[in-house]
Amino acid sequence: MGALIRFIVSIACGIGFATISALAHHGPVGHPDLYFAENLVELEGEIIDVFWRNPHPRMLIGVTGADGADRIWELELNASLIGLRSRGIEAEDFVQVGDHVRVAGVVAMFGENALGILHYMHPDGSEYINGAREP
């Protein structure tokens with residue numbers, strides 16, 4: 001009986017730790033445990049790759065810095081695919097490889113040159129603002 005109880009407790013603990021880990025990752029853009037919220041960064045460049053999948057769509061953008069060096073930044077949208085689709089936003093309508101865009105966001109703690117997007121300006125000048133209810 002003792003082995004069964006230890007097994008059940010270990011399963012329950014494993015599920016609990018997995019849930020905590022998932023919740024920790026899925027905090028909002030700007031959450032102080034995931035982002036350096038005081039480091040607002042603005043970037044302008046060309047989208048070079050798109051990863052339109054859960055838990056959050058991501059893109060790579062090529063940016064030429066003030067020093068003339070080219071850098072690649074990973075951009076993360078705060079919304080899930082379900083959330084974007086409920087607002088009528090699909091990948092092919094939102095972003096294409098080769099788009100020249102401007103973004104503003106906060107630097108992520110999980111990787112160098114990673115940005116949580118707060119504001120995204122499309123090539124046509126339309127804007128996506130993180131947390132806005134309208135597309």
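Visitor: Why does Arg-85 count as partly exposed?
Guide: This is a predicted model, and in it Arg-85 has a relative accessibility of 43%. Buried means under 20% and exposed means over 50%, so Arg-85, at 43%, counts as partly exposed.

Visitor: What makes the contact between Glu-90 and Arg-85 a salt bridge?
Guide: The closest N and O atoms of Glu-90 and Arg-85 are 3.3 Å apart. A salt bridge needs a side-chain nitrogen of Lys or Arg within 4 Å of a carboxyl oxygen of Asp or Glu, and the pair at 3.3 Å therefore qualifies. Glu-90 itself has a relative accessible area of 26%, which makes this residue partly exposed.

Visitor: Where does Glu-90 sit, and which residues does Glu-90 touch beyond four places in sequence?
Guide: Glu-90 is placed in the loop between helix H2 (81-86) and helix H3 (91-94). With residues up to four places away in sequence not counted, Glu-90 touches Trp-52 and Arg-85. Trp-52 is 38 residues apart from Glu-90 in sequence, while the C-alpha to C-alpha distance between the two is 8.9 Å.

Visitor: Why is Trp-52 called buried?
Guide: The relative accessibility of Trp-52 is 17%, and buried means under 20%, so Trp-52 counts as buried. Trp-52 is also among the residues with the most contacts inside the largest nonpolar core, as are Met-59, Leu-75, Phe-94 and Tyr-120. That core has 24 residues, and the elements that give two or more residues to it are strand E1 (35-51), strand E2 (58-64), strand E3 (70-76), H2, H3, strand E4 (100-108) and strand E5 (114-121). A second, separate core has five residues, including Leu-34, Tyr-35, Val-106 and Ala-114.

Visitor: Why is the ring pair of Trp-52 and Phe-94 called tilted?
Guide: The ring centres of Trp-52 and Phe-94 are 5.6 Å apart and the planes stand at 40 degrees. Centres within 6.5 Å make a pair, planes under 30 degrees apart count as stacked and planes over 60 as edge-to-face, so the angle of 40 degrees leaves this pair tilted. The pair links distant parts of the chain, with Trp-52 in the loop between E1 and E2 and Phe-94 in helix H3, 42 residues apart.

Visitor: What makes the pair of Phe-94 and Tyr-128 edge-to-face?
Guide: The ring centres of Phe-94 and Tyr-128 lie 5.4 Å apart, and their planes are at 85 degrees, which is over 60, so the pair is edge-to-face. This pair, too, links distant parts of the chain, Phe-94 being in helix H3 and Tyr-128 in strand E6 (residues 127-129), 34 residues apart. Ring pairs link Trp-52, Phe-94, Tyr-120 and Tyr-128 into a cluster.

Visitor: Which residues is Tyr-120 in contact with, leaving aside its neighbours within four places in sequence?
Guide: Tyr-120 is in contact with Ile-47, Met-59, Phe-94, Val-95, Val-101, Arg-102, Val-103, Ser-126, Glu-127 and Tyr-128.

Visitor: What ties together Glu-44 and Arg-102, and why does the pair join parts that are apart in sequence?
Guide: The side chains of Glu-44 and Arg-102 meet in a salt bridge, at 4.0 Å from N to O. Glu-44 lies in strand E1 and Arg-102 in strand E4, so the pair ties together parts that are 58 residues apart in sequence. Glu-44, at 43% relative accessibility, counts as partly exposed, and Arg-102 is partly exposed with a relative accessible area of 40%.

Visitor: Why is Asp-67 called exposed, whereas Arg-71 is called partly exposed?
Guide: Asp-67 has 55% relative accessibility, and because exposed means over 50%, Asp-67 counts as exposed. Arg-71, at 33% relative accessibility, counts as partly exposed. The side chains of Arg-71 and Asp-67 meet in a salt bridge at 3.0 Å, N to O.

Visitor: How many salt bridges does a search of the whole structure find?
Guide: The search finds five salt bridges, and Arg-58, Glu-74 and Glu-76 are linked in a network of them.

Definitions and conventions: Residues are numbered from 1 along each chain as its sequence is written. This is a predicted model: local features need pLDDT of at least 70, side-chain atom pairs count only at pLDDT 80 or more; totals for chains, interfaces and linings use all residues. Side-chain values use heavy atoms; hydrogens and water are left out. Helices (H or I, at least four residues) and strands (E, at least two) are DSSP runs, numbered from the N terminus. Contact means heavy atoms within 4.5 Å. A nonpolar core is a set of buried Ala, Val, Leu, Ile, Met, Phe, Trp, Tyr and Cys residues joined through side-chain atoms within 4.5 Å. Buried means under 20% relative accessible area, exposed over 50%, partly exposed in between (1.4 Å probe, protein chains only). Rings of Phe, Tyr and Trp (its six-membered ring) pair if their centres lie within 6.5 Å; planes under 30 degrees apart count as stacked, over 60 as edge-to-face and the rest as tilted.
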